[in-house]
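Opened the notebook to look through this model.

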Amino acid sequence: MAAKERISGWVRRTGIEILGWSLVVLGLAALILPGPGLLMLVGGLAVLSQQYDWAKRHLAPVKARAFQAAAIGVKTIPRILLSCLGALIILGLGVLWILQVPVPEWWFLSDGLWLFGGSGTGISLVVSSLIALALIAYSVRRFRGKPEPGRTDVDGDA
């Protein structure tokens, strides 16, 4: 029985490592590319914090930064509208990619550069935009009309 427990512990630890590091790497990439970068980074650090003290130490400031960015993003109606518009544009582009619309006459580049990547790219765009819309809705409900996370009335900014 002890060997079975060691194997299941090893499998659990390996699963945590793979999931955590995958989320961290994808989160770092999504900081530059379209996608919820800070969210994936926080998720990866949260998973890795089950095994590592350094991940626990880095989780709190990254989480605070993500919440602060979310609060700033929904501070005004124009910001909310622009964020929603951007997510809807990405959603529309994803649908175009999935449908593989034929190359229009006005396209001046090589036909191979029109909607490159196939339906996989379209699906990732649609999923990213749906995540973005869900995060916008969450941020509006959680932070709209409230002081920014990490700030208090003592700071003089709230």
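**Pocket notes**

I checked who lines the largest pocket, and α5 gives the largest share with seven residues. Keep in mind that this is a predicted model.

I looked up the volume next: the largest pocket holds about 750 Å³ of space. Its lining counts 27 residues, and those closest to the centre are Pro36, Ala70, Leu135, Ile136 and Ser139. The elements giving two or more residues to that lining are α1 (2–32), α2, α3 (53–73), α4 (77–99) and α5 (118–143).

What is the lining of the largest pocket like by class? I get 18 nonpolar residues, eight polar and one charged.

**Helix α4**

I tested the length of α4 against expectation. Its 23 residues should span 33 Å at 1.5 Å a residue, and the end C-alpha atoms do sit 33 Å apart, so the two agree.

Which residues of α4 are buried? I noted Ile80, Ala87, Gly94 and Trp97. The cover over the buried residues of α4 includes α3 and α5.

**Leu39**

I found Leu39 in helix α2, which runs over residues 37–48. Buried or exposed, or in between? Leu39 has a relative accessible area of 46%, so I put it down as partly exposed; the exposed class starts over 50%.

Leu135 was already on my page as one of the residues closest to the centre of the largest pocket.

Technical notes. Residues are numbered from 1 along each chain as its sequence is written. This is a predicted model: local features need pLDDT of at least 70, side-chain atom pairs count only at pLDDT 80 or more; totals for chains, interfaces and linings use all residues. Side-chain values use heavy atoms; hydrogens and water are left out. Helices (H or I, at least four residues) and strands (E, at least two) are DSSP runs, numbered from the N terminus. Buried means under 20% relative accessible area, exposed over 50%, partly exposed in between (1.4 Å probe, protein chains only). On a 1 Å grid over the protein atoms alone, a cavity is a set of points where a 1.4 Å probe fits but cannot get out, and a pocket is an open set with protein on both sides within 12 Å along at least five of seven lines; lining residues have an atom within 4 Å of a point. Grid points are joined across faces, edges and corners, and a volume is the space filled by probe spheres set on the points. Ala, Val, Leu, Ile, Met, Phe, Trp, Tyr, Cys and Pro count as nonpolar, Asp, Glu, Lys and Arg as charged, and the others, Gly among them, as polar. The expected span of a helix is 1.5 Å times one less than its number of residues. Contact means heavy atoms within 4.5 Å.
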